[in-house]
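Visitor: I've got a model open on my screen and some questions to go with it. Could you walk me through them?

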Amino acid sequence: MPTQPHDDPQDHRGLSKKGGLWPPRPSPLDLIGRIQKAKALYERMDEWSKGHPALICLCKDLDNRLRGLALAFQQLGAWDVCRMCALGPKGACCFKGAEEWYETVHLLVNMIMGVDLEGIQVTEEQCPFVGEKGCILRYKNEFCLDFFCDRCKRELGMEKISNLRSLAGKTIAIGITLEHLLYRILKSDL
Ligand code: SF4
Ligand code: SF4
């Protein structure tokens with residue numbers, strides 16, 4: 001039987017296949033406004049997460065994947081290459097403007113993953129998420145995770161890079177499922 005236009009078929013996790021409000025559309029808020037909105041939602045998480053066990057499972061799953069990914073970046077030497085590069089005269093590849101890839105939902109996911117975004121300052125020089133030891137975010141944008149410059153490729157080799165990309169892809173897939181569920185729960189609040 002054909003699906004009625006008003007039907008919203010759901011997958012085995014109960015998520016809308018139509019996508020609802022996902023993917024996120026550019027917010028009219030600036031970065032600080034988006035951080036404040038994410039913080040207000042995060043502070044009420046006990047209230048809105050009730051009755052959504054899938055949310056808790058996805059958060060745990062993402063947390064584990066992010067730990068595994070961070071470990072892989074460290075063990076395969078990617079962090080060392082980028083750290084040395086960041087200390088050099090040209091600095092790392094993180095650039096001003098990348099923060100605009102992060103909508104309220106991405107900032108909220110980072111807060112759920114334990115990232116403290118208090119005191120973030122927007123400057124004209126660099127991405128505001130660059131901290132003393134590199135990027136402070138745990139849940140990064142696909143472009144941030146997937147970019148490997150020529151130096152990185154040369155020093156690590158393509159096999160390690162494709163391993164990292166594969167792990168990153170699986171992590172991003174969990175993250176997108178979580179974003180999707182957050183939109184479903186929070187609807188227009190997000
Ligand atoms: S990806 Fe390349 S340019 Fe970016 S921090 Fe790493 S080594 Fe530097
Ligand atoms: S990796 Fe982090 S610091 Fe670098 S551009 Fe992306 S969000 Fe900014």
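**A walk through the model**

Guide: Let's start with Val105, which is buried, because 26 other C-beta atoms lie within 10 Å of its own. Buried here takes 20 or more such atoms within 10 Å, exposed takes 12 or fewer, partly exposed is in between, and C-beta atoms are placed from the backbone. This is a predicted model, where local features need pLDDT of at least 70 and side-chain atom pairs count only at pLDDT 80 or more, while totals for chains, interfaces and linings use all residues. Residues are numbered from 1 along each chain as its sequence is written, with chains lettered from A and ligands numbered from 1 in the order in which they are written.

Visitor: Which helix is the place of Val105?

Guide: Helices here are DSSP runs of H or I with at least four residues, numbered from the N terminus. By that count, the one spanning residues 104–112 holds Val105, and it is α5.

Visitor: How far apart in space are Val105 and Arg34?

Guide: In sequence, 71 residues separate Val105 and Arg34. In space, C-alpha to C-alpha, the distance is 8.7 Å.

Visitor: Is Lys187 buried or exposed?

Guide: Look in the segment after α8 for Lys187. Its phi is positive, about 45°, although Lys187 is not a glycine. Most residues other than glycine have a negative phi. Since Lys187 has 10 C-beta neighbours inside 10 Å, it counts as exposed.

Visitor: How do α3 and α8 run, roughly parallel or antiparallel?

Guide: Helix α3 (residues 53–75) and helix α8 (residues 158–186) have axes that come within 9 Å and cross at roughly 155°. Axes are lines fitted to C-alpha atoms over the stretch in contact, with angles from 0 to 180 degrees between N-to-C directions. Angles under 35 degrees count as roughly parallel and over 145 as roughly antiparallel. So α3 and α8 are roughly antiparallel.

Visitor: Which element gives the largest share of the shell around ligand 1?

Guide: Residues count as near a ligand if their C-beta atom lies within 6 Å of it. Around ligand 1 they include Cys82, Cys85, Cys149 and Cys152. Two elements give two or more residues to that shell, α4 (78–87) and α7 (150–156). The largest share, four residues, comes from α4.

Visitor: And how many charged residues does the shell around ligand 2 have?

Guide: Among the residues surrounding ligand 2 are Cys94, Cys127, Cys135, Lys140 and Cys144. Asp, Glu, Lys and Arg count as charged, Ala, Val, Leu, Ile, Met, Phe, Trp, Tyr, Cys and Pro as nonpolar, and the others as polar. The shell has eight nonpolar residues, no polar ones, and the charged count is one.

Methods:
Parallel < 35°, antiparallel > 145°, perpendicular 65-115°, else oblique.
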